[in-house]
2 protein chains.
Amino acid sequence: MLGVFTPDRRALTLSELSRHAGMPVSTVHRLVSDLVAWGALERDPAGCFHIGLRLWELGSLAPRGLGLREAALPYLEDLSQVTRENVQLAVREGTEVVFVERIAGSKAVPVLTRVGGRFALTATGVGLVLLAHAPADVQEQVLNAPITRYTERTMTDPRRIRAALADTRSRGYAVSDRQVTMDALSVAAPIRDAQGEVTAAVSLVVRHGGAAPHTLAPLLLTSARAISRALPAAATRA
Amino acid sequence: MLGVFTPDRRALTLSELSRHAGMPVSTVHRLVSDLVAWGALERDPAGCFHIGLRLWELGSLAPRGLGLREAALPYLEDLSQVTRENVQLAVREGTEVVFVERIAGSKAVPVLTRVGGRFALTATGVGLVLLAHAPADVQEQVLNAPITRYTERTMTDPRRIRAALADTRSRGYAVSDRQVTMDALSVAAPIRDAQGEVTAAVSLVVRHGGAAPHTLAPLLLTSARAISRALPAAATRA
């Protein structure tokens with residue numbers, strides 16, 4: 001029943017919970033009481049239910065969530081302070097990117113992502129890195145599904161995306177140019193576990209027309225390697 | 001069953017899960033399969049189960065977790081960059097502090113806390129702020145329970161703690177001096193919601209013998225007010 005809470009639906013009344021979960025109000029009432037007692041849900045004065053702090057605490061034990069984030073944070077901070085641009089850390093979950101950390105640059109270009117949010121693999125720098133190193137069946141699944149167009153520059157042709165993935169592998173980093181908004185581009189590099197598997201990606205999102213992507217690549221590549229070295233063994237397991 | 005995962009117990013085999021949950025292996029096996037399918041748990045190559053990214057994503061919807069953290073982060077970053085000390089953001093859950101964010105200073109004194117971790121209210125600056133503004137029954141519950149001693153400076157006498165709470169209310173900030181480790185002290189200030197209720201606290205943890213607490217107080221007080229103003233309405237609900 002907790003699955004009815006989404007980034008767009010964070011506060012729900014009892015009757016909304018019942019409707020979205022497809023369960024009778026009486027059943028939901030009993031379940032919700034248990035979940036509130038445990039702390040998985042919290043009730044606000046207006047009578048709406050939210051995800052509770054106890055569930056956030058439990059989620060913080062996920063190796064691919066806070067574990068990865070804790071190891072990477074000092075390097076993300078360095079990138080942020082040196083460039084003053086947006087820094088992002090992401091992993092792949094199925095056929096989507098999940099953003100594990102995001103540090104907004106003080107005067108940087110606005111970005112649409114948020115921590116805990118999902119996005120298309122093909123439209124983002126981190127996504128291209130993660131897809132370029134994903135198993136072949138995941139790549140096929142993504143390329144055979146409809147691809148959302150955000151701007152006139154969003155790649156939707158599978159052949160073009162395949163070429164971008166090949167470029168990402170051969171150069172060692174990805175560039176996603178104005179695919180999400182027309183004023184921004186991202187440059188991303190792979191983070192690898194002790195076995196050399198790509199398990200996460202780090203990116204800078206900068207204003208289009210500012211720094212050229214190839215001048216940012218060395219920064220991303222060295223930061224990604226530093227994070228790879230700092231990863232605890234558990235944070236790299238999928 | 002997910003409650004058997006704790007900060008000290010993040011990876012469990014099927015038989016450990018069965019033992020800690022007090023349920024037969026066959027039942028646990030069925031439950032775990034469902035939880036893995038949903039993404040609440042992940043299985044690593046060694047056969048251990050961890051909290052999954054899907055649960056981390058769900059937890060990220062908690063207003064008192066990432067909601068609060070997102071609103072506060074720019075001000076925490078400012079504090080971190082200006083002071084180079086440890087910056088912490090915390091809320092109260094029952095009779096304990098839960099750390100929602102922590103930025104380690106580059107050359108700062110080591111601290112024991114971690115994001116998503118819990119600590120005693122009476123031994124930390126943020127805890128003293130949160131306890132000073134907690135309902136009377138919570139204060140009584142904390143003061144009547146045994147209090148863990150971390151160092152020779154840890155306050156365990158309820159009368160001394162009551163005086164510290166009164167000081168915290170009258171001065172507007174808390175000082176916790178060498179209560180957790182003998183080389184560190186923290187200075188903390190309250191974050192208030194639109195109704196003026198204290199819902200979170202922000203602190204700096206600095207080396208004992210460095211900056212005097214009263215010189216740090218104005219920094220904390222102004223940052224706490226800036227965060228209070230930036231809070232979305234939902235992040236302040238308990």
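A:Arg54 is placed in helix α3 of chain A, a helix that spans residues 53–59, in what is a predicted model. Leaving aside residues up to four places away in sequence, A:Arg54 touches A:Trp38, A:Gly39 and A:Ala40 of chain A, together with B:Glu93 and B:Arg118 of chain B. With A:Asp137, by contrast, the separation of A:Arg54 amounts to 83 residues in sequence and 36 Å in space, taken from C-alpha to C-alpha.

Chain A is divided into two domains, with domain 1 covering residues 2–59 and domain 2 covering residues 63–236. The C-alpha centres of these two domains of chain A are 32 Å apart. Confidence in chain A averages a pLDDT of 91, and 97% of the residues score at least 70. Among the elements of chain A, helix α4 (residues 63–83) has the lowest confidence, with a mean of 87, whereas helix α5 (residues 125–132) has the highest, at 98.

The contact between the two chains involves 49 residues of chain B and 49 residues of chain A. Together the chains bury about 4100 Å², of which 58% lies on carbon and sulfur atoms. Of the area that chain B buries against chain A, 18% is supplied by B:Leu53, B:Trp56 and B:Leu61, a contribution greater than that of any other three residues.

Side chains of opposite charge can pair when their charged atoms come close. Over all chains the count of salt bridges comes to 22, and six salt bridges are found across the interface of chain B and chain A. B:Arg118, which is also one of the residues touched by A:Arg54, meets A:Glu57 through its side chain in a salt bridge with an N to O distance of 2.7 Å. A salt bridge is likewise formed by the side chains of B:Arg69 and A:Glu101, at 2.6 Å from N to O. Because B:Arg69 lies in helix α4 of chain B and A:Glu101 in strand β4 (residues 96–103) of chain A, this pair joins two chains.

Between chain B and chain A, eight residue pairs are in polar contact, with both residues of each pair at pLDDT 80 or more. On the side of chain B that touches chain A, two or more residues are given by each of the strands β1 (41–43), β2 (49–51), β3 (86–93) and β4 (96–103) and by each of the helices α3 (53–59) and α4 (63–83) of chain B. The largest share of this side, nine residues, comes from α4 of chain B. By residue class, the side of chain B that touches chain A divides into 23 nonpolar, nine polar and 17 charged residues.

Note on methods
Residues are numbered from 1 along each chain as its sequence is written. Chains are lettered from A and ligands numbered from 1 in the order in which they are written. Side-chain values use heavy atoms; hydrogens and water are left out. Domain bounds come from an automatic or database domain assignment. Contact means heavy atoms within 4.5 Å. Buried area is the accessible area (1.4 Å probe) that two parts lose on being put together, summed over both. A salt bridge is a side-chain nitrogen of Lys or Arg within 4 Å of a carboxyl oxygen of Asp or Glu. A polar contact is a pair of N or O atoms within 3.5 Å; within protein, one must be able to donate a hydrogen and the other to accept it, and residues adjacent in sequence count only if both atoms are side-chain atoms. Helices (H or I, at least four residues) and strands (E, at least two) are DSSP runs, numbered from the N terminus. Ala, Val, Leu, Ile, Met, Phe, Trp, Tyr, Cys and Pro count as nonpolar, Asp, Glu, Lys and Arg as charged, and the others, Gly among them, as polar. pLDDT is the predictor's confidence in each residue, from 0 to 100.
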